[in-house]
Amino acid sequence: MPTDPADPTAAPARPQPARLGLGTAAVGRPGYITLGRDTDLPAERTVDALRRRTHDLLDAAYAAGVRYLDTARSYGRAEEFLAQWLTEHPEAAAEVTVGSKWGYTYTADWQTTGVGAHEVKEHSTAVFDRQIRETRALLGEHLDVYLVHSVVPGSPALTDPALHERLAALAAEGVRVGLSTSGPAQGDTIREALAVTVDGRPLFTAVQATWNLLETSAAPALAEAHAAGWLVVVKEGMANGRLAGRNATGPDTAALRALAARTGTGPDALALAAAAAQPWADIVLSGAATLDQLASNLTAARVHPDPQDLAALDAMAEPAQAYWRTRSQLPWA
Ligand SMILES: NC(=O)c1ccc[n+]([C@@H]2O[C@H](COP(=O)([O-])OP(=O)(O)OC[C@H]3O[C@@H](n4cnc5c(N)ncnc54)[C@H](OP(=O)(O)O)[C@@H]3O)[C@@H](O)[C@H]2O)c1
């Protein structure tokens, strides 16, 4: 696994920072499910503190070559923080691709505890009409990709003709329309979405899906989406922090630790590099909450697992049902 970019014997698949993106789920609101928030975020998670944190991460990511930025209506004030940063950095705004999502409404009112639900999902035309207005008011023409948030089988996003008409109209304005997926049936969802047409033309052209060393089940469907010309974005490449250094301590991550130690890299970067090595992956998101995490995550661009390395990590994969059961038990904090 060569890590020196100048090494002429380096493996051919060489992810550049531009293939790494930055997600804002962990910093746009005080509460989320990633694992070390008590130590990684300021004790006072005020709006101003998280705005500063988001802007610092965006500055550092852009300076390192990151050109894909991911947000969502439901990430608290993340769209607003990103919009401010884009306004203050017109040169960056001209270069980055901005993706957002609609379909979840943020309901936690900047609280972390004593909240019934932090977000409420509804893939209806009424929610789309409201949220595209809200997103456009903040991100305006910077909106490049708009995804239905966390689609699972049975979502109206896959079947509602009125919603499809609206999404097709947005696509006609030049926005790439797609979906993010979650749950053990991601592959079925992606294949159903691949078949959706409006006036005989495919509607969706982008997907953001969970793929990591513990949950690989969506890979065949993501390969089909990539082959169909979709933009394929990988989220949760570190399994919500389970594959990052201090959390990757159990037997389930022994292979990752061993390879990281052997190659002088961090488990987090290796986990992201494994995602970037998938032939169908266009962008792999870092969900960093701190500048140190971001710097560590971005070293993934210099790590090139060869097929033998990747094969040694295959055994880490869990049955999809078990993976998503564990994820559903992660507390919001
Ligand atoms: N349904 C959807 O569409 C959906 C769902 C989830 C995420 N996303 C998008 O995907 C992005 C990335 O996913 P994610 O943030 O959920 O998951 P992730 O990338 O699997 O995990 C990120 C978390 O791992 C921890 N971490 C990262 N590097 C670390 C390091 N070097 N050392 C220790 N801990 C480290 C941090 O959490 P702590 O600081 O808390 O430890 C960080 O917030 C999100 O920001 C969001 O934009 C979309």
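Contact here puts the C-beta atoms of two residues, placed from the backbone, within 7 Å. Helices (H or I, at least four residues) and strands (E, at least two) are DSSP runs, numbered from the N terminus.

Two remarks on the source. This is a predicted model, in which local features need pLDDT of at least 70 and side-chain atom pairs count only at pLDDT 80 or more, while totals for chains, interfaces and linings use all residues. Residue numbers start from 1 along each chain as its sequence is written.

Back to the pair. Two packed helices are described by the angle between their axes and the distance between the axes. The axes of α2 (residues 47–63) and α3 (residues 78–88) come within 10 Å and cross at roughly 55°. That makes α2 oblique to α3. On the terms: axes are lines fitted to C-alpha atoms, for helices over the stretch in contact, and angles run from 0 to 180 degrees between N-to-C directions. Under 35 degrees counts as roughly parallel, over 145 as roughly antiparallel, 65 to 115 as roughly perpendicular, and the rest as oblique. α2 and α3 cross in the right-handed sense. By class, their contact has 4 nonpolar residues, 2 polar and 1 charged. Nonpolar covers Ala, Val, Leu, Ile, Met, Phe, Trp, Tyr, Cys and Pro; charged covers Asp, Glu, Lys and Arg; the others, Gly among them, are polar.

Next pair. How do α7 and α8 lie to each other? Helix α7 (residues 186–194) and helix α8 (residues 219–227) have axes that come within 8 Å and cross at roughly 20°, and α7 and α8 are therefore roughly parallel to each other. The crossing of α7 past α8 is left-handed. On the α7 side the contact is made by Q186, G187, I190, R191 and L194, and on the α8 side by P220, A221, L222, E224 and A225. Of these, 6 are nonpolar, 2 polar and 2 charged. As for handedness, left-handed has the near helix turned anticlockwise from the far one by less than a right angle, and right-handed has it clockwise.

Now burial. Helix α10 (residues 267–276) is mostly covered, with 10 of its 10 residues buried. Buried takes 20 or more other C-beta atoms within 10 Å of the residue's own, exposed takes 12 or fewer, and partly exposed is in between, with C-beta atoms placed from the backbone. The cover over α10 includes β11 (231–235), α9 (254–263), β12 (283–286), α11 and α12 (307–313).

α11 comes up again at the ligand. Of the 35 residues around the ligand, G23, G36, S180, A244 and G287 come nearest; near is a C-beta atom, placed from the backbone, within 6 Å. The elements giving two or more residues to this shell are α1 (37–40), β6 (143–151) and α11 (291–298). Which element gives the most? α11 does, with 3 residues. By class the shell has 9 nonpolar, 18 polar and 8 charged residues.

Then the backbone. Most residues other than glycine have a negative phi, and most peptide bonds are trans. S150 is not a glycine, yet it has a positive phi of about 55°. S150 sits in strand β6 and counts as buried, with 23 C-beta neighbours inside 10 Å. W110, also not glycine, has a positive phi near 60°. W110 is in the loop between β4 (104–106) and β5 (119–121), and with 15 C-beta neighbours inside 10 Å it is partly exposed.

L35 lies between β1 (20–23) and α1 and is buried, with 20 C-beta neighbours inside 10 Å. Leaving aside neighbours within four places in sequence, L35 is in contact with N240, G241, R242 and N247. L35 and R242 are 207 residues apart in sequence, but 7.3 Å apart C-alpha to C-alpha.

L203, in the loop between β9 (201–202) and β10 (206–210), is buried with 22 C-beta neighbours inside 10 Å. Not counting residues up to four places away in sequence, L203 touches H164, L167, A168, V177, V196, T197 and V198.
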